[in-house]
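The entries below follow the order in which I looked things up.

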Amino acid sequence: MQSPSNTVEDQRARWERKRSRTAKELLETEHKYLEQLDLVLTYFVTILKAKGTLKPAVLETIFGPLESLYSASHVLSLHLEKGNLEPGLENFCQSLDLYGHYAENLEQANKTLKEQMRKNKSFRRFKKLQETRPQFQGRELEDLLPLPLQRLHQYKHFFRDLLENTSPDTAEYQKLASMISPPTRVAHPVFLFVSLLPLPFIPACPPSYLTAVSVSPACPGRWYIREGWLLVVPSKGEELKRRMFFLFSDILIAAKPCHPLHLLNANKLSCQAVYPLHQCSVDKVFGHTWSQGGLLSLSFPHKTLLLMSTNQQEINDWYQSLKAAVR
């Protein structure tokens, strides 16, 4: 029989292994993110500043604090490379407001970009020339400008995973807990702000830990809205099933954890079903008053899905998000 001390040590070892894997994936994706930001800064911002093709105020409106975001990301990657996660998080937390400013300005940035494409012939030629470079791999500037918001959503996933595998009595745990939103904590205002942005300004964000998806969450015109665990109420009196749901602007994806002994996907989620929302109606079965949780009914042409939560606020948030997506 294992002693309590061995059990605690085993748990800490599991935490550390999972934490190391998450930190490694965070660093790898951070490098890719930096490469993409560098494309915009090198081939657009720097050259446009030197050529004077756009007025400074117009340049600032389109690209916002992109250079500062790059610097903050570069500092984070340097800390991660050295294994200094806590100082890296400390610096990153100070840069979160930049993401808020960037998100808030993205609608105006897109409008200004379209306006310059229409009115400014030299900028239009310059943009098309830069986008033909092999480094862009067929992507346009419009595809790259939402990158910081997409990355911000990914940060939240990474930080949540790190929090779940960090000892609660450490300063690092407190720093992570102050930035994201486990059930008992309040999210950093910037994460909260971005989660409430209108649909067109939230980029598609297929979670890296979701496998076996039969449709592409990142297809053009599809936007990520929210995700979370809900209970599925079976129609034949079986046990409740806990599932992770990913809500996009036109589909709802249901997923469950992969088998813990799976060689490649032990820490990932497997897609179980994809529900198109264009013929869906959403109703509250109960949860209209401040009671213990609630139940939602999602009606599709050939199926009814009952989703339950014991958290009243959570069920209300899901109801509002689903109604908005269906509309």
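I took helices (H or I, at least four residues) and strands (E, at least two) as DSSP runs, numbered from the N terminus. I worked from a predicted model, in which local features need pLDDT of at least 70, side-chain atom pairs count only at pLDDT 80 or more, and totals for chains, interfaces and linings use all residues. Residues are numbered from 1 along each chain as its sequence is written, and side-chain values use heavy atoms, with hydrogens and water left out.

**Entry 1: salt bridges**

I counted a salt bridge where a side-chain nitrogen of Lys or Arg is within 4 Å of a carboxyl oxygen of Asp or Glu. The total by this rule is seven. For accessibility I used relative accessible area: buried is under 20%, exposed is over 50%, and partly exposed lies in between (1.4 Å probe, protein chains only).

**Entry 2: K127 and E131**

I found both K127 and E131 in helix α5 (residues 121–131), four residues apart, or about one turn of the helix. Their salt bridge has its closest N and O atoms 2.7 Å apart. K127 is buried at 2% relative accessibility, and E131 is buried at 12%. Through salt bridges with shared partners, K127, E131 and E142 form one network.

**Entry 3: R151 and E30**

I looked up R151 and E30 next, and their side chains form a salt bridge at 2.6 Å, N to O. R151 sits in helix α7 (residues 147–164) and E30 in helix α1 (residues 4–51), so this pair ties together parts 121 residues apart in sequence. R151 is buried, with a relative accessible area of 2%; E30 is also buried, at 0%.

**Entry 4: E107 and K111**

I noted a salt bridge between the side chains of E107 and K111 at 3.5 Å, N to O. The two are four residues apart in helix α4 (residues 85–119), about one helical turn. E107 is partly exposed at 36% relative accessibility, and K111 is partly exposed at 47%.

**Entry 5: strand β4**

I counted two strands as paired if DSSP finds at least two bridges between them. Strand β3 (residues 241–248) runs antiparallel to β4, with four bridges, and a hairpin of two residues joins them. L247 has L252 in β4 as its bridge partner. On strand β5 (residues 269–276), I found seven bridges to β4, again antiparallel. I251 stands opposite P276 in β5.

How much of β4 is buried? Five of the seven residues of β4 (residues 251–257) are, so the strand is largely enclosed by the rest of the structure.
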